Amino acid sequence: CWAHVRRDFLDFARAYTDLKEWGLDWAEEISNLFHLNNQRVAYWDPSLPLGEQSPQFQESHKVLGEALMNMKALCDTKLFEDKIAQEKKRKSKSEKIQEKDGALLTTAQRKVLTSLQNHWKGLTVFYEHPEVKMDNNSAEQSMRNPVLGRNGYYGSGSLWSAELAAMMFSIFQTMIIWDLNPRTWLTLYFE
């Protein structure tokens, strides 16, 4: 989920004020990916295969692909340079190379870039499949009401009521997906 990756870089920028710009730059590039994808999807015709889309779609698809390749290359390069610098530091066993000299990433920088690199395959599914969203916010938002409810009444108090709640949440979500009114359905069921 690109929204989660972007949040990782924003959290980094908040936590490490001396490296704030670094985190914000990455977050801005991810925002640009969302923008480019929105432009591309505006031209997408779901009834046509990817290769037969309009010229506007193809151009937007190409621009998005280049932005993705550039981001991947930058991430890979930074991690590779960091690995080389670490090996060089280990071999020389001198303290001349410091973590903040620009050659090495901080542990926190390394962590967010490694996460981006490790999840890259899943993060780019949307590129070849325009019907797939870049984030899973809609799925998470659909779980929001049951989670808030659970937090509000602090559990169910017994196993049977937890099972009933889980079953009802599932039924209500299915009704929403099918555009059925849960209140009307429940009224008819109880009548």
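A: The chain contains 10 helices and 0 strands. Read from the N terminus, its elements follow the order α-α-α-α-α-α-α-α-α-α. The model is a predicted one. Of the 191 residues of the chain, 26% count as buried. Among contacts with a separation of 6 or more, 60% involve residues 24 or more positions apart.

The part in question is formed by helix α1, residues 2-15, and helix α2, residues 20-42. Two packed helices are described by the angle between their axes and the distance between the axes. Here the axes come within 7 Å and cross at roughly 160°. Because angles over 145 degrees count as roughly antiparallel, α1 is roughly antiparallel to α2. The crossing of α1 and α2 is left-handed.

On the α1 side, the contact is made by Trp2, Ala3, Val5, Arg6, Phe9, Leu10, Phe12 and Ala13. On the α2 side, Lys20, Trp22, Gly23, Leu24, Trp26, Ala27, Ile30, Ser31, Leu33 and Phe34 take part. Sorted by class, this contact has 14 nonpolar, 2 polar and 2 charged residues.

The structure holds 8 aromatic pairs. A pair of aromatic rings is described by the distance of the centres and the angle of the planes. Tryptophan 2 and tryptophan 120 form an edge-to-face pair, with 5.7 Å from centre to centre and 85° between the planes. This pair links distant parts of the chain, since tryptophan 2 belongs to helix α1 and tryptophan 120 to helix α5 (residues 120-123), 118 residues apart. Both tryptophan 2 and tryptophan 120 are buried.

A further pair is formed by tryptophan 22 and tryptophan 26, whose rings are tilted, at 6.1 Å centre to centre and 55° between the planes. Both residues lie in helix α2, 4 residues apart, about one turn of the helix. Tryptophan 22 has a relative accessible area of 18% and is therefore buried, the cut-off being under 20%. Tryptophan 26, at 5% relative accessibility, likewise counts as buried. Ring pairs join Trp22 and Trp26 with Phe9, Phe12 and Tyr16 into a cluster.

Arginine 14 lies in helix α1 and is exposed, with a relative accessible area of 57%. Arginine 14 and leucine 24 are separated by 10 residues in sequence and by 9.2 Å in space, C-alpha to C-alpha.

Leucine 19 is found in the loop between α1 and α2. With a relative accessible area of 22%, leucine 19 is partly exposed. Leaving aside residues up to four places away in sequence, leucine 19 touches Phe12, Thr106 and Gln109. Leucine 19 and glutamine 109 are 90 residues apart in sequence, yet their C-alpha atoms are 9.0 Å apart in space.

The axes of helix α3 (residues 55-92) and helix α4 (residues 107-118) come within 10 Å and cross at roughly 130°. The helices α3 and α4 are therefore oblique to each other. Their crossing is left-handed. From α3, the contact draws on Met71, Lys72, Cys75, Asp76, Lys78, Leu79, Asp82 and Gln86, and from α4 on Arg110, Leu113, Thr114, Leu116 and Gln117. By class, the contact of α3 with α4 has 5 nonpolar, 3 polar and 5 charged residues, whereas the contact of α1 with α2 has 14 nonpolar, 2 polar and 2 charged residues.

Most residues other than glycine have a negative phi. Aspartate 179 has a positive phi of about 60° although it is not a glycine. Aspartate 179 is located in the loop between α9 (159-177) and α10 (182-190), and is exposed, with a relative accessible area of 71%.

Definitions and conventions:
Residues are numbered from 1 along each chain as its sequence is written. This is a predicted model: local features need pLDDT of at least 70, side-chain atom pairs count only at pLDDT 80 or more; totals for chains, interfaces and linings use all residues. Side-chain values use heavy atoms; hydrogens and water are left out. Axes are lines fitted to C-alpha atoms, for helices over the stretch in contact, and angles run from 0 to 180 degrees between N-to-C directions. Helices (H or I, at least four residues) and strands (E, at least two) are DSSP runs, numbered from the N terminus. Angles under 35 degrees count as roughly parallel, over 145 as roughly antiparallel, 65 to 115 as roughly perpendicular and the rest as oblique. A crossing is left-handed if the near helix is turned anticlockwise from the far one by less than a right angle, and right-handed if clockwise. Contact means heavy atoms within 4.5 Å. Ala, Val, Leu, Ile, Met, Phe, Trp, Tyr, Cys and Pro count as nonpolar, Asp, Glu, Lys and Arg as charged, and the others, Gly among them, as polar. Rings of Phe, Tyr and Trp (its six-membered ring) pair if their centres lie within 6.5 Å; planes under 30 degrees apart count as stacked, over 60 as edge-to-face and the rest as tilted. Buried means under 20% relative accessible area, exposed over 50%, partly exposed in between (1.4 Å probe, protein chains only).
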